[in-house]
Amino acid sequence: MNDSIHDPEIIDPSDIESAEGVHVSSLAIASKQLPPYLTLLPLNSRPLFPGLIVPLVFEGDEMIGAVRQLADGKEPHIGLVLLRDEEEKFTPSNLYEVGVVARVMKAIEIEGHGLHLVVECLSRFRIEGLLSDTPPIQARVKYHEETSYEDNIELRAYTVAIVNTIKELLKHNPLHEEELRMFLSRFGLTEPHHLADFAASLTTADRGELQDVLETYPIFERLKKVMTLLNRELNVSKVQSRIRKNIDERVSDQQRKYFLHEQLHEIKQELGMEIDEKDQEANRLRERIKKLTLSEEAQERFDEEMGKLSMLDPSSPEYGVSRNYLDWLTALPWGKYTRDRYNLKLASRVLNREHSGLEDVKDRILEFIAVGARKKEVGGSIILFVGPPGVGKTSLGKVVAEALNRPFYRFSVGGMRDEAEIKGHRRTYIGAMPGKILQALKQVKAANPVIMIDEVDKIGSDFRGDPASALLEVLDPEQNSDFLDHYLDLRFDLSRVLFMLTANQLDTVPRPLLDRSEIIRLPGYMGFEKLAIGKKHLWPRQLEAHGLSKKEVSLSDSAMNKLVEDYAREPGVRQLEQLLKKLLRKVARKLAEEECETPIRIGARNVDEYVGKPRFYEKHMRTGVGVCTGLAWTALGGTTLTIETTVVHQDRRGLKLTGQLGKVMQESAETALSYISSNLYRFGADTGFFDKRFVHLHVPEGAVPKDGPSAGITMATVLLSLALDKAPKSIAMTGEMTLTGDVLPIGGEREKLLACKRLGISEVILPYANKVDVEELPKNVAKGLTIHYVKHFNEVAKLIFGIRLRPVRRKKKQNTTKTPRHKEKE
């Protein structure tokens, strides 16, 4: 076999002619001398039909040996049968019963590629019996002889329909044109059985449907099935053609636009009207750097990165990384500062315009600006505003920035756990970027802004790092002149940045930050201050926000005061603002639904129609034996704390405490009981009063947790009232007491005094050590109050009960002379 073979998928008629010496047109379909016994060979993918000339490839040593014997033998006919399951082995049970007999026209064995055959399919056959059931399988077969068909209308209609469908199919799939030409050179359209088999072979139907056509002997039934397969193939080809056309049009349009853009780009470059995008980006970065004053280190890094950028292709990922880095480097305000303004009168005017009250806080801020005016700089300072929510900590930072003529930037660190938020991510990470500090500087475009860091008392830490420690390098004046961000990896001077921090409490502020900060406390607003803020700031702002005007609704001073006293007693003004929003929403709805007279007047009598019933009610000072009024500080401001005691029984000594008291208050009660019990003689009471009495001490509002040392003298007073069986005077008090009766200072005196004024209490007892604190408060706080300052509980007892203390009872001296032993025996 020295003959060459072409691509087995394409049959060239000239090859067949040279191999067999027969012209294609002279090929006979089948001879009546076909052998009664055939050697069967398997087909995997699809069956073959009579009248076709097709290539076949057989692989595997056993199969190649069997086929070679057939090809070299005198009998060139073989039986080709489709496997029922192409995954199973070649066995008799895995073969269909109907196949096609074929004549081997050419056989070529190519080393490593199996045995290649060119066969001519002649006629259908059915397996009648098996001569062997192991390869090579031989079988006795019965051939199907196609009869001559008379010309009739129905047969011609089917024939014409199939021919027309094939013509339509050729428009969408030109590959079938050569096959049709070969078919027409051998057969005529008047042979319907050949036309049906040829049409079935053109389709891409599955193997089962094609085998069904092969097994269908009646011509009309076979033509119907073939027509169904052809129509389906035509529909699939139309869809494929439409999809291919759409894709080609889209690609062609994109290619056309691309070529036009490239031509336009080249023309502009030739005319000098446009430069390369890469060069344009480099020029933009160089123009930005000319306006900055870079450090020597930053200038070297810029030149290095620009050199790297010039060697990179714009489509490479590294190009984008370098370009982003240079964009950040040139966007920072290197050497750009705003001109500070140290006008104290203007600063005072801005503070008074934006804030009512807080005079002591305003004084501290003005003093800070005055020092900056003397030094000609206020950078490098850290101010920590501490106070409850809603007292204006953040807005104070904005006012300071406006007074100094500096840009303002604020961000919160509440819940922050990753130090990269402060110091940036390293450039090795995907999506890396600088930290919050450099982001702030880029946005404000100045190297000396006012940066406010909110919620430093709520900062966190975990396995990702400790943001509080990262803040130290940012805030510490000794270190921030060389602040190093992980992303930028260059030293940046933060020494002229004014950092302002806010916190609700100092207990959870990291100690290193606390040590470096100047603390300004905002204790909260007094009632008259909140009234002024509501009228001057909140009411006009909410009117504008709700689309209303003063001509449509008016709020009286008494109504505003009722909102402050009965609805919004917290230190800040957020609750008051929420109430005003609720009120104006009701008004807007009323104006939309009803035709009512304007302005709608809201006073103290009808304000509850808009905001509901009051949340707070006035407490009256209670008096009686074993009852006294103390003062306490809460997150909502100052309040009174009524303490009650009674004797439960006289069986044994004991003390029961209720009211959800904390550990400190429990110890204060025990200390008070010990002190009073040991000094009953001096107070003129029965010295054995508490020896066999079980005392119950209760602080009302038991659902509210209470703790703190400032109720010490109040607890001692109610215990002494029990022992004396005498009601104390209507004087409120607060102070911590020691076991020896000394009265120690407390905190929150401002809020506590305001609570007294709100309840109509005129006399108050405070520790003597708090006298200085009270004198520093605004005069309005203590106005109208009689304050008694005490150093020892003896002074409290004189004020409350009007008793004269007895002198301390001296203990009798015991005889210490020893008696001789012999006299003891006598």
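1. Buried means under 20% relative accessible area, exposed means over 50%, and partly exposed is in between, using a 1.4 Å probe and protein chains only. By that rule C628 is buried, because its relative accessibility is 2%. C756 is buried too, with 0%.

2. This is a predicted model: local features need pLDDT of at least 70, side-chain atom pairs count only at pLDDT 80 or more, and totals for chains, interfaces and linings use all residues. Residues are numbered from 1 along each chain as its sequence is written, and side-chain values use heavy atoms, with hydrogens and water left out.

3. The largest nonpolar core has 66 residues. Such a core is a set of buried Ala, Val, Leu, Ile, Met, Phe, Trp, Tyr and Cys residues joined through side-chain atoms within 4.5 Å. L80, L117, V119, I162 and I166 have the most contacts inside this core. Take L117: leaving aside neighbours within four places in sequence, L117 is in contact (heavy atoms within 4.5 Å) with V54, P55, L56, F58, V67, V104, K106 and A107.

4. Now the surface. V239, I243, I247 and V251 form a nonpolar patch there. Together they have about 290 Å² of accessible area, by the Shrake-Rupley method with a 1.4 Å probe, where for residues only the protein chains shown count as cover. Patch residues have over 30% relative accessible area and no salt bridge; like charges are joined within 9 Å, and nonpolar side chains (Val, Leu, Ile, Met, Phe, Trp, Tyr) within 5 Å. A salt bridge is a side-chain nitrogen of Lys or Arg within 4 Å of a carboxyl oxygen of Asp or Glu. I243 is partly exposed, at 46%, and lies in helix α7 (residues 219-271). Helices (H or I, at least four residues) and strands (E, at least two) are DSSP runs, numbered from the N terminus.

5. N794 is in helix α27 (residues 793-801). Is N794 buried or exposed? Buried, because its relative accessibility is 15%. Not counting residues up to four places away in sequence, N794 touches Y675, R682, F683 and L805.

6. Two loop residues deserve a look. K445 has a phi near 60°, a positive value in a residue other than glycine. K445 sits between α15 (436-444) and β9 (450-454), and is exposed at 56%. E455 also has a positive phi, near 60°. The loop of E455 runs between β9 and α16 (467-475), and E455 is partly exposed at 25%. Most residues other than glycine have a negative phi.
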